[in-house]
Amino acid sequence: MKGLICAGGTATRLEELTRVTNKHLLPVGRWPMIYYPLQLLQRVGVREVLIVTGQQHAGDFIDLLGDGRVRSRGGEELLFDLDLTYKVQVEPGGIAQVVGMAQDFAGGDRVVVCLGDNIFEHAQAESIESWENGALVFVKEVADPQAFGVVAYDGDGRVADIVEKAGVVDRRYEAPPSNDAVVGLYCYPPDVFDIIEGLKPSSRGELEITDVNREYARQGRLEVRRVEGWWHDGGKHWADLAEVGRRVEETGVNK
């Protein structure tokens, strides 16, 4: 099982904070944001991790993380010990494009994909440990489902479809069919790369990870688990960074 962290993007919603740096290098609590997904992957048993980021800040990630063995500054605490590989996404093309870039790195193994700005109270280790076949995604009930990809269920409560920003990106639905947002933690079998090769760009010119998940749902091979504990998307607003940093200090993270 290999790990992939998607850490690109321009993060314009964070305004001036990302004019000269990548959002995943911004502080959340006492750590840079990128430390949290790295720690999560280690907690779920991943050793080898690929980090994909943009061309402008790739060197900053290497300067910060080196070979993946990172100790606390001025201390002996080992924060994580991973075998890191780096790859550059020259132009933004969607999360599915980033996953496709990991094909050679995966080498036929299963892949755990984590968005670099998603932070979890619990590492979801038990769910990932029990994952066997097909794809596995995690959902959290949200108050603004129109801003996310959400799960559509059939009359028996089974996963029927994944809907990306209903009424805006996915116009098949006027309103979100549920409040269960798919969060930025995905587990895929080796055939995910075959699915990505068959994708076409969406209306916004990207290869959508929702289309990957939708294909697994169509095949009856998509498992959905609810996130244990709290989850936070760190790329929405600058004020959120301080708030989630306080939450990390209060409850812990990646437990």
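Is E121 buried or exposed? E121 is buried, because its relative accessible area is 13%. Here, buried means under 20% relative accessible area, exposed means over 50%, and partly exposed lies in between (1.4 Å probe, protein chains only).

Before going on, please keep in mind that this is a predicted model, in which local features need pLDDT of at least 70, side-chain atom pairs count only at pLDDT 80 or more, and totals for chains, interfaces and linings use all residues. Residues are numbered from 1 along each chain as its sequence is written, and side-chain values use heavy atoms, with hydrogens and water left out.

**Salt bridges**

Side chains of opposite charge can pair when their charged atoms come close. A salt bridge is counted when a side-chain nitrogen of Lys or Arg is within 4 Å of a carboxyl oxygen of Asp or Glu. The whole structure holds 17 salt bridges.

| Lys or Arg | Asp or Glu | N to O distance |
|---|---|---|
| K255 | E121 | 2.9 Å |
| K165 | E164 | 2.8 Å |
| R246 | E243 | 3.0 Å |

E121 pairs with K255. K255 lies in the segment after α8 (238-251) and E121 in the loop between β9 (118-120) and α5 (125-130), so this pair ties together parts that are 134 residues apart in sequence. Helices (H or I, at least four residues) and strands (E, at least two) are DSSP runs, numbered from the N terminus. K255 is partly exposed, at 46% relative accessibility.

In the second pair, E164 is buried at 10%, while K165 is partly exposed at 23%. R246 and E243 are 3 residues apart in helix α8, so about one helical turn separates them. R246 is partly exposed at 45%, and E243 is partly exposed at 37%. Salt bridges also link D161, R172, D211 and R214 in a network.

**Buried places**

How many of the 9 residues of helix α1 are buried? In α1 (residues 35-43), 7 of the 9 are buried, so the rest of the structure largely encloses this helix. Among the buried residues are Y35, Y36 and P37. After α1 comes G45, with a positive phi near 100 degrees.

V98 sits in helix α3 (residues 95-100) and counts as buried, at 6% relative accessibility. Leaving out residues up to four places away in sequence, V98 touches L4, C6, V52 and Q89, where contact means heavy atoms within 4.5 Å. The C-alpha atoms of V98 and A7 are 9.4 Å apart, although 91 residues separate the two along the chain.
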